[in-house]
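Here's a quick briefing on the fold, the surface and the charged pairs. Have a look at the model first, then read on.

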Amino acid sequence: DIHQMILGEEGLLVLALEGRLTDGKIPFKGSPVPVENIDAHFEASESDFEIKKMVVPIASGNMAITSKIVDYLSEQKFTGDLALEGVQLRELAKQADFPADIEGTLFGDLKWKGEGFDQKSLETLLSGEGTVEVKDGRIVDVNILKLVLSKLSFIPNLAEQVENNLSDEYK
């Protein structure tokens, strides 16, 4: 809804806008995980844009985002927060065609800030910090030793020698 908009000779003088997006979708080329069923609430003025809350369901959990751009026409200062809650790694791994079965629940927080949206500004002025936690995480049905040995194939006969010296319990 546009609550108020005033245009003058100098352009946009006043803007008060509030909007909602329901069941949205963002196509990311090459992304194995669909970004759909997005619900968002946002507001804009003649100088600022704010995502009050955007929720994206992902692997039986949620990704929640809030963000604000101050003076989007010139300074373009921005901040944001992202929270992951209850993301099921098994589901996520299947969607991404991950080579191993993994289990656990993913939680995380990320905060960022920056200024400007051109590539140089993003490379130099974007910063952030975050944490990720996996509860009850484990890798299932993968022989880690064989995986590591396969990556060391440049050492002749290493895999065969190690496997020959293992007890039957670990083969």
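Which strand gives the most to the nonpolar patch? That would be strand 1, with three residues.

This is a predicted model, where local features need pLDDT of at least 70, side-chain atom pairs count only at pLDDT 80 or more, and totals for chains, interfaces and linings use all residues. Residues are numbered from 1 along each chain as its sequence is written, and side-chain values use heavy atoms, with hydrogens and water left out.

- Eight strands make up an open sheet in the order 1-2-3-4-5-6-7-8, with antiparallel pairing. Strand 1 and strand 8 (127–140) sit at the edges with a single partner strand each, so one side of each has no neighbour in the sheet.
- From one strand to the next, the twist averages 10 degrees. Axes here are lines fitted to C-alpha atoms, for helices over the stretch in contact, and angles run from 0 to 180 degrees between N-to-C directions.
- On terms: helices (H or I, at least four residues) and strands (E, at least two) are DSSP runs numbered from the N terminus, and two strands pair if DSSP finds at least two bridges between them.

- Six bridges pair strand 1 (residues 2–8) with strand 2 (residues 11–25) in the antiparallel sense. The two form a hairpin with two residues between them.
- Within that pairing, Leu7 has Leu12 as its bridge partner, and Gln4 has Ala16.
- Strand 2 also runs antiparallel to strand 3 (residues 36–45), joined by eight bridges.

**The nonpolar patch**

- Ile2, Met5, Leu7 and Leu12 make a nonpolar surface patch of about 410 Å². Patches take residues with over 30% relative accessible area and no salt bridge, joining like charges within 9 Å and nonpolar side chains (Val, Leu, Ile, Met, Phe, Trp, Tyr) within 5 Å.
- The areas come from the Shrake-Rupley method with a 1.4 Å probe, and for residues only the protein chains shown count as cover.
- Leu7, in strand 1, is exposed at a relative accessible area of 60%. The cut-offs are under 20% for buried and over 50% for exposed, with partly exposed in between (1.4 Å probe, protein chains only).

**Around strand 5**

- In a regular strand the side chains alternate between the two faces of the sheet.
- Strand 4 (residues 49–58) joins strand 5 through eight antiparallel bridges, with Val56 partnering Met63. Their hairpin has two residues between the strands, and Ala59 in the turn has a positive phi of about 45 degrees.
- On to strand 6 (residues 77–88), which pairs antiparallel with strand 5 over nine bridges; Lys68 has Thr79 as its partner there. This hairpin has six residues between the strands, and Asp71 in the turn has a positive phi of about 55 degrees.
- Ser67 is buried, with a relative accessible area of 17%. Its side chain reaches the backbone oxygen of Thr79 at 2.9 Å. For reference, a polar contact is a pair of N or O atoms within 3.5 Å; within protein, one must be able to donate a hydrogen and the other to accept it, and residues adjacent in sequence count only if both atoms are side-chain atoms.

**Salt bridges**

- Searching the whole structure turns up six salt bridges, each being a side-chain nitrogen of Lys or Arg within 4 Å of a carboxyl oxygen of Asp or Glu.
- One of them joins Glu36 and Lys25 (4.0 Å, N to O). Glu36 is in strand 3 and Lys25 in strand 2, so the pair ties together parts eleven residues apart in sequence. Glu36 is partly exposed at 30%, whereas Lys25 is exposed at 62%.
- Glu50 pairs with Lys52, with the closest N and O atoms 3.6 Å apart. Glu50 is partly exposed at 24%, and Lys52 is partly exposed at 33%.
- Glu103 and Arg90 also form a salt bridge, their closest N and O atoms being 2.1 Å apart. That pair links distant parts of the chain, 13 residues apart: Glu103 in strand 7 (residues 101–115) and Arg90 in helix 1 (residues 89–95).
- Arg90, Glu103 and Arg138 are linked in a network of salt bridges.
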